Amino acid sequence: MKKLLLGDEAIAQGAIDAGLSGVYAYPGTPSTEITEYIQESPIAKERDLHRRWCTNEKTAMEAALGMSFMGKRALVCMKHVGLNVCADPFVNSGMTGTNGGLVVLVADDPSMHSSQDEQDSRFYGKFAMIPIFEPSSQQEAYDMMEVAFEYSERVKLPVMMRVTTRMAHSRAVVTIKDQPRHENELNYKADSSSWVLLPANARRRNDIVTAQQAELEMDAMKSPYNQYIEGKDRSMGIIASGIAYNYLNECFPQGCPYPVLKISQYPLPKDLVRKMTEECDAVLVAEEGQPFIEETLRGIMPGNAVIKGRLTGELPRTGELNPDFMKKALGVPQNENHAACENVVPRPPALCQGCGHRDVYSALNEVLREYENPRVFGDIGCYTLGFLPPYRAIHSCVDMGASITMAKGAADAGQWPAVAVIGDSTFTHSGMTGLLDAVNENANIVVIISDNLTTGMTGGQDSAGTNKFEAICRGLGVPEEHLRVVVPLPKNMPEITQIIRDEIQHKGISVIIPRRECMQTLQRHLKQKKAKEA
């Protein structure tokens, strides 16, 4: 059977067909569509696979570990910065090992289309001493899922699958299996002496996993996903990983004249690399992200080949690769580039018309004009657009949950007023512990939890704390008299501005919850309601 699939959808279908029992994820572009595809899959619904969103990537990773502990196959999905959030269980999963197959899908975002940095997750995989798969096409992404689950169960380690934005969000025809594999049966083969990471157990596992690296590299040497393709012209060799291999093929539709080493499974197969550096005068390393292979290459090559790539300027040091960059590095004629029309005015992103965040920023700006040097600490979400005109309302945005803790730190330094603006999904993801710190010290800050009843930035997924925020704040110790709920509408502006003013004047912790549904999900829900009525 053939289907036209996004890379993300091919990964999701591959996981289902490989006998998946559960997907665990927090929405994050460019990985979101994997979980959404599984949520809508008829097979996933029929089998009742776990497919609800998690509160954050750490809880997702830990839950998937629990499913693996019981012998079943689990998939964890996140974007690259989400891997930072779950770094503790991720790195330790290399020490515990696996029972059922466990695949950690990480979608990196070179060029930072919707991210704070260009982090390359392959460094994390190497750090955790686990195998890494990096598909070069949608078909390979689909096929690799079954191989990755089987490999995880054979070597008793989690497997990282790393993709990048272009792979995740481009489409291709994929041939899929007619019948999905059955799920694993529940089993009790997990050895507690490996999973209880007391120092004595962890030291033993560390020795085992370290010794296992030679086996993993030998497997990479033999892997069908790593190929050494001979070429007649040995003035140059090319090492291409992941989607860069696809770009290379676009440069040479009749076949590459140079030797090519395709890399899609790590650890890096050093013997194949040495073969190329010994045979070729120069080696061009083409990889998406940071110079992970290129830096390694400089430490393992015995020959005299000149290494070229991102570090030497043949390919750009930052941002996404594309076929034109590859053609330039290879000396291949490039396509004609048409200059952008000079009369087209850039259109920056903006908050939707009617969005409740707009009213929150309007009220906040009106009040803060009354103070000298106010500071507003923002967070990750749609409302980060409050930094742009016409609001220019926030002064920082670093990572999920940082608004509250940065506001507290600023207040500790003597800043007043200090305001934190955080969204509902981000608050439950990473903001609650910061609020607890603020409560415990009665920090002189105002926290605004702008609740639009959804995870709006990534497309309107369920938010973990919907209808629970007042209870959460009370449970964390926010005083009832300084826990205020408002409806952000223009007609309520006098009430909202007065509440903000009152809570700034209060010398201690305050929480204001403006609550109004996201315009996008509201329209969706109204359409669904009309369809049901019809």
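Which residues are buried in helix α19 (residues 469-476)? They are Phe 469, Glu 470, Ile 472, Cys 473 and Leu 476, where buried means under 20% relative accessible area, exposed means over 50%, and partly exposed is in between, using a 1.4 Å probe and protein chains only. Helices here are DSSP runs of H or I with at least four residues, strands are runs of E with at least two, and both are numbered from the N terminus.

Before we go on, a word about what you're looking at. This is a predicted model, in which local features need pLDDT of at least 70 and side-chain atom pairs count only at pLDDT 80 or more, while totals for chains, interfaces and linings use all residues. Residues are numbered from 1 along each chain as its sequence is written, and side-chain values use heavy atoms, with hydrogens and water left out.

Look down the axis of α19 and its buried residues fall within an arc of 160 degrees, so they line one face; the arc is taken from the directions that run from the helix axis to the C-beta atoms. An α-helix has 3.6 residues a turn, so residues three or four places apart point the same way. The buried residues of α19 pack against α18 (424-440), β16 (446-450), β17 (483-486) and β18 (510-514), with contact meaning heavy atoms within 4.5 Å.

Now hop over to strand β12 (residues 282-286). Here 5 of the 5 residues are buried, so the strand is largely enclosed by the rest of the structure. Ala 282, Leu 284 and Ala 286 point one way, while Val 283 and Val 285 point the other way. What does β12 pair with? Strand β9 (residues 237-241) is a parallel partner over 4 bridges, and strand β13 (residues 306-308) runs parallel to β12 too, joined by 3 bridges. Two strands count as paired if DSSP finds at least two bridges between them.

Between β2 (20-25) and α2 (32-40) sits Pro 30, and the peptide bond from Thr 29 to Pro 30 is cis, with omega near 15 degrees. Another cis bond joins Pro 389 and Pro 390, with omega about 5 degrees. Pro 390 lies in the loop between β14 (375-377) and α17 (402-412), and Arg 392 is also found between β14 and α17. Arg 392 is exposed, with a relative accessible area of 59%, and its phi is positive, near 45 degrees.
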